[in-house]
Number of protein chains: 2
Amino acid sequence: MQKAGSPYLLFLGDTQDTLSIKGCTGVKIWRPEKAHAQIVLEGGNQDLGLPNKTPSEAAAAGCKTMLVGVANAGGFVPDNWVPTIIEALEAGMDVMAGMHTRMADIPAIAEAAAANGRTLFDVRQPSQEFKVGKGFERSGKRVLTVGTDCSLGKMFTSLALEREMLAQGMKATFRATGQSGIFIVGEGVAIDGVVADFIAGAVEWLCPENDADHWDVVEGQGSLFHPSFAGVSLGLLHGAQADALVMCHEPGRPHMRGVPGRDLPSLEDCIALNEQMAHLTNPTAKVVGVSVNTSSMPEDEAMAYLDDTAQRLGMPCCDSVRTGVSAIVNELAKI
Amino acid sequence: MQKAGSPYLLFLGDTQDTLSIKGCTGVKIWRPEKAHAQIVLEGGNQDLGLPNKTPSEAAAAGCKTMLVGVANAGGFVPDNWVPTIIEALEAGMDVMAGMHTRMADIPAIAEAAAANGRTLFDVRQPSQEFKVGKGFERSGKRVLTVGTDCSLGKMFTSLALEREMLAQGMKATFRATGQSGIFIVGEGVAIDGVVADFIAGAVEWLCPENDADHWDVVEGQGSLFHPSFAGVSLGLLHGAQADALVMCHEPGRPHMRGVPGRDLPSLEDCIALNEQMAHLTNPTAKVVGVSVNTSSMPEDEAMAYLDDTAQRLGMPCCDSVRTGVSAIVNELAKI
C-alpha cells in the first residue's frame, strides 16, 4: 500500500457521538502533527478542538489527505458526504476512508478522483496482491500485541510501545493491521479484509526483514479464544513471527465481544496458548508483559489489579494510560 | 451459492497431464452419474474414457453445466478456451470453473452468459456475503477431516466417509470447502477465498443446524501446523464445531508442502492440537480415526503401517482406497 500523505483534514461528518469518530480521534491522539484541521457537516456536533477548514482552505494550507475516519452503522457512505469528498479531491487532496462501501465504488467519487489525478485509500479492502506466508526465519525483531478478546486496547498498546521504544532510543516501527491504525500512520494492511489464504503472507509482507536491532511493533487483532476471529489471530501470529508478545486485557467484561454467554479466557490460559501457537514460526516467542485497560476502575482498584496480576504472572503489568509501558519496554530491551 | 445443475460436460481443455484435470477426474470418480461426456481441445491428450461431445450435442443430451475442471500454472483462462466456453453458454448450459481469473471478468464470456441467461460459477471466489461466526451450539452432528499437511487426502477421505455412512443407512452430506469438492457436488464454499473475517462464519453457513441424527461431513483444508494456512484451518475447525475429527496423513513426505525445511508434525501432536483447538466451539470434539494415504507404499508395508498406527494411537487407521473407511464410520455411529 502506498502511504497516505499528511497532514490531514479530519472529516467528522454529521456524526453525533464520539465513538463514530474514533478513527479521527486516534490520529489526534497519536499523530497530532498530522491533525491539521477538521470539517463538520451540517447536523454534526463532534469537535476535536481543531480549526474548522473547508477542503480548499485545508489544501491551501498544505493538507495532503482528507481522512474520512468516521464509522456509522452499516459502514456505508451517506449521500450527504459525497459533495465534500468530491470537493476535497478537486482541491487536490487524496481521500482515505475505512467504510464497508468502497469510495472507489461510488461513481461520482471515482470519477472525481480520476479527473483530478488523486488517490482513494479504501483501507478496509486491501487491494494488494499477497503471497502465502512461509514462516522462514527473517532478520529484525518483532513484538505483537495479542488479547483475551477483541477491542480492548491492542492498537493503543502497540502505539504506546512504539512511542516508549523510540523515547528510549530503540529503533521501532508501528505496523498497522486495522483501519484506525492505518489512519494514524497512513499505511498498513487491514488484515481481516485479506483473502483467507493470505493472512500470514500479508503480515510477512507488512513486517519484512529488517535491521537486527530494529523492532516492528505489530498491531494484533481478535483473540485465539474468539469463535468469530481466531483464524485471523492465528494467521497474524504466524505471519508476525514475533520474538515477543504483549497480552492485552480488559477486566470486567461480561462476555466475549459480540458473543453473549461466552466467558473470556483467563490471562494464564491465553498466555499459554499464544506462546504455544507462536512457536510454530518462532520457537523462542514469549509473552513479556501484560497491558490492561483499567479505564473502568478507580485509581486504587486499578493499581491493585496491576500489582496483583504482575505478581501472579511474574511479568510487568501496565496500563498504557495510567502507568505507561516502560516496564514492558525494559523487557523488550533484553531480547 | 446456487447449486450447479447436472449432468456435466467435462471440459478437459488442451491439457497434457492428469494432474491438470483433477477437478474433472474427481467428478468421474465420486459422482460418475454426473459425468455425461467430455470435450478435448486441439492439442490436448487427456481422456477420462467418456464419449466426446460438442457443447450442442451435450446440451441436447440433457447436460446442464460445462465443468472447466482444469488447472494450469497461474490459473488463468487461455484465449483458446474462450470460444468453447461461449459455445456452451449459447447451447444453454451454465459453466463452472475454478481459475484465479474469474470467467465473469472476461467480457466476451460475461456477455454471452448475460445474453443467454446462463450462470457462471466462479467457485474459487465466493460471491456470497457471510456473517462472522458465533460458535453458538447447533443441532445435527458434524465430522471434519483435518490433516498433518495440505493436499494429502482430506477431500477424498470426506467423500469416502459420506459414501460409507450412506451405505450404512446413516444420514450424511458432504460439505465442500475447496474447488474440486465444489465441482463434485455442485455447491460449497472455497473457504480459502473467503475474506479473513468470515472464515468461521462461512463454515457455519455451509453446515447449519440440521436433524439431530444427520451428519455433515465437512471437507478440511490445510493444517494447524502449516505456516501458510493455519489460520484458515483454525477458522474452519471453529466454524465446523465438529463432534468428531478424522486425521489425514501421508507418510514419507520430505517436508510440509511448499515449505522446504519444515518437517511434518507427528500424528500424536497433530491430534492433540486439533482436539485442543476444536474444544473452543465443541468441548466434546475428538479425533475418532486416522485416514492414511499409503499410495506410495507396497501392500504389505502399507498394511503394517496402518496396523502399527492404529495400535499406537488406539483408534481405527484406514486408507480410503486400500481398506475403506468403515472402521472409522463405526466410531462415528457411536456418537
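This is a predicted model: local features need pLDDT of at least 70, side-chain atom pairs count only at pLDDT 80 or more; totals for chains, interfaces and linings use all residues.
In general, a rotation about an axis and a shift along it relate two copies of a chain. The surfaces that meet also match: 100% of the interface residues of chain A are interface residues in chain B as well, so the copies meet through the same surface.

**The interface between chain A and chain B.** Here 35 residues from chain A come into contact with 35 residues from chain B. Together the two chains bury about 2700 Å², and carbon and sulfur atoms give 59% of that area. Which kinds of pairs cross between chain A and chain B? There are 11 residue pairs in polar contact, counting pairs with both residues at pLDDT 80 or more, while the count of salt bridges across this interface is 0.

**The side of chain A that touches chain B.** Look for the elements α7 (199-206), α8 (230-240) and α9 (267-278) of chain A, which each give two or more residues to this side. Among these, α8(A) provides the largest share, with 6 residues. Sorted by kind, the residues on this side of chain A are 20 nonpolar, 11 polar and 4 charged.

**Two domains within chain A.** The domain assignment divides chain A into domain 1 (8-122) and domain 2 (141-333). Their C-alpha centres are 29 Å apart. Where the domains of chain A meet, 15 residues of domain 1 are in contact with 12 residues of domain 2. The area buried between domain 1 and domain 2 of chain A is about 1100 Å², with 62% of it from carbon and sulfur atoms. On the domain 1 side, Trp30(A), Arg31(A) and Met96(A) lose the most area to domain 2, and together they account for 52% of what that side buries.

**A closer look at the domain boundary in chain A.** How many salt bridges join domain 1 and domain 2 of chain A? The rule finds 1 salt bridge across this interface. Arg31(A) and Glu162(A) meet through their side chains in a salt bridge, with N to O at 3.0 Å. Side chains of opposite charge can pair in this way when their charged atoms come close. Between domain 1 and domain 2 of chain A there are also 4 residue pairs in polar contact, with both residues at pLDDT 80 or more. The elements of domain 1 that give two or more residues to this side are α1 (22-30), β3 (65-68) and β4 (94-97) of chain A. The largest share, 6 residues, comes from α1(A). By kind, the domain 1 side of this contact holds 8 nonpolar, 4 polar and 3 charged residues.

**A salt bridge between two loops of chain A.** Over all chains, the count of salt bridges comes to 24. The pair shown here is Arg253(A) with Asp149(A), whose side chains meet at 3.0 Å, N to O. Arg253(A) sits in the loop between β9 (244-249) and α9, and Asp149(A) in the loop between β6 (141-147) and α5 (154-167) of chain A, so this pair ties together parts that are 104 residues apart in sequence. Ser151(A) is also found in the loop between β6 and α5 of chain A. Its phi is near 50°, a positive value in a residue other than glycine. Most residues other than glycine have a negative phi.

What kind of peptide bond joins Ser6(A) and Pro7(A)? The bond is cis, with omega about 5°. Pro7(A) belongs to the segment before β1 (8-13) of chain A. In chain B, the peptide bond from Ser6(B) to Pro7(B) is cis too, and omega is near 5°. Pro7(B) lies in the segment before β1 (8-13) of chain B. As background for this view, most peptide bonds are trans.

Definitions and conventions
Residues are numbered from 1 along each chain as its sequence is written. Chains are lettered from A and ligands numbered from 1 in the order in which they are written. Side-chain values use heavy atoms; hydrogens and water are left out. Contact means heavy atoms within 4.5 Å. Buried area is the accessible area (1.4 Å probe) that two parts lose on being put together, summed over both. A salt bridge is a side-chain nitrogen of Lys or Arg within 4 Å of a carboxyl oxygen of Asp or Glu. A polar contact is a pair of N or O atoms within 3.5 Å; within protein, one must be able to donate a hydrogen and the other to accept it, and residues adjacent in sequence count only if both atoms are side-chain atoms. Helices (H or I, at least four residues) and strands (E, at least two) are DSSP runs, numbered from the N terminus. Ala, Val, Leu, Ile, Met, Phe, Trp, Tyr, Cys and Pro count as nonpolar, Asp, Glu, Lys and Arg as charged, and the others, Gly among them, as polar. Domain bounds come from an automatic or database domain assignment.
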